[in-house]
Amino acid sequence: MSELVDGYIQDPSITAGTRKGRENCLTPIKEKLSKIEVNDITSDVLLSLQDDLLSWEKWGNDSKRIALIRLSQFMAYAFKKTKNKNISVALTEFNLLKEKIKKEQNHFRTLESTNNAILRSELVKAIQRILTSRTQYKKNLLAFLYIPMRISEVLGITGADVTKENIFIPKTKTIKESQGGFNVPINDKVYQIVTENLSQGTAQRQILSRLFIKLTGFTVHGIRSVFSDYMTREGFQWNLIESCLSHKTSNSVAECYHRDQKNYFYEQRKPLMFHWYGFISDCISEAERLIGQGSQG
């Protein structure tokens, strides 16, 4: 789609300022877009592109909102130029998913001023929906709850990346592969659920992404927000919470000189991650208990 991307940006019928705005909005996803074939466009692909835009840390909320509009505009442009029905169907499904995500985001904004008991209640309900569904991917979806990384990072995990102590993410949005990647400390429970339920191939990964939103009402990025809110209220340090999410902290000078990025704050991150794993395990146990009570009734 590289020619379509260039055509959308360099459209001679628009002003130079608009062309610059289009280019800026598509910058985080331009390389990925250029590698996608028109016939491979699905709502899940668009959802992944949206997640890339939302996790672009150089932008504020207004810039992200405009970028999402530009993404939809580009897909409409691509359909106009190619008349490919895949794009039309994908864009329709994508817009429906966006409405669902918007409702979720509005819902969780109301939780920000509440407490962890309410967050726990919401997670338990989401887990109940996973466990009572007919999908064969229940444990795969639970893995999304345990690992608060970006969707592309979670879906890219392979068996070679997992040991009993760590999940190795070759690169994140903030840590390049040349910097050594990023290590996520794990416990025995997470090791078991991840190694037994690794996603296989692009098709299954797209299924998992869609199922997670459909069953839980969360995006994977939404789980990262829940992680941040929950851990903050639990009293953990802000910079350690940000490090667990592979975010840049305000101490950019220290990060620059710390060349072993994959182990940056590693020992300090362990207690936070283990605390989160215990929280998610407790939520799963509570969901299972409630399901059991319902079946007995």
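This note comments on selected helices, a loop and a strand pair in a predicted model.

1. Loop between helices 5 and 6. Lys-83 is found in the loop that runs between helix 5 (61-82) and helix 6. The phi of Lys-83 is positive, about 60 degrees, although the residue is not a glycine. Lys-83 counts as exposed because its relative accessibility is 58%, and the cut-off for exposed is over 50%.

2. Helix 6. This helix covers residues 85-111, and Lys-85 lies in it. With a relative accessibility of 67%, Lys-85 counts as exposed. Lys-85 and Val-38 are separated by 47 residues in sequence, while their C-alpha atoms are 9.8 Å apart in space.

3. Helix 7, span. Helix 7 runs over residues 116-131 and has 16 residues. From its first C-alpha to its last, helix 7 reaches 22 Å, close to the 22 Å expected at 1.5 Å a residue.

4. Helix 7, burial. The buried residues in helix 7 include Leu-119, Leu-123, Val-124, Ala-126, Ile-127 and Ile-130. Asn-116 and Glu-122 in helix 7 are buried as well.

5. Strand pair. Strand 1 (residues 166-169) pairs with strand 2 in the antiparallel sense, over four bridges. Within this pair, Asn-183 in strand 2 has Phe-168 standing opposite.

6. Strand 2, side-chain directions. Strand 2 comprises residues 182-185. Phe-182 and Val-184 point one way from the strand, and Asn-183 and Pro-185 point the other way.

Key:
Residues numbered from 1 in each chain as written. Predicted model: local features only at pLDDT ≥ 70, side-chain atom pairs only at ≥ 80, totals over all residues. Heavy atoms only, no water. Helix = DSSP H or I, 4+ residues; strand = E, 2+ residues; numbered from the N terminus. Buried < 20%, exposed > 50% of the residue type's maximum accessible area, 1.4 Å probe, protein only. Pairing = 2+ DSSP bridges. Expected span 1.5 Å × (residues − 1).
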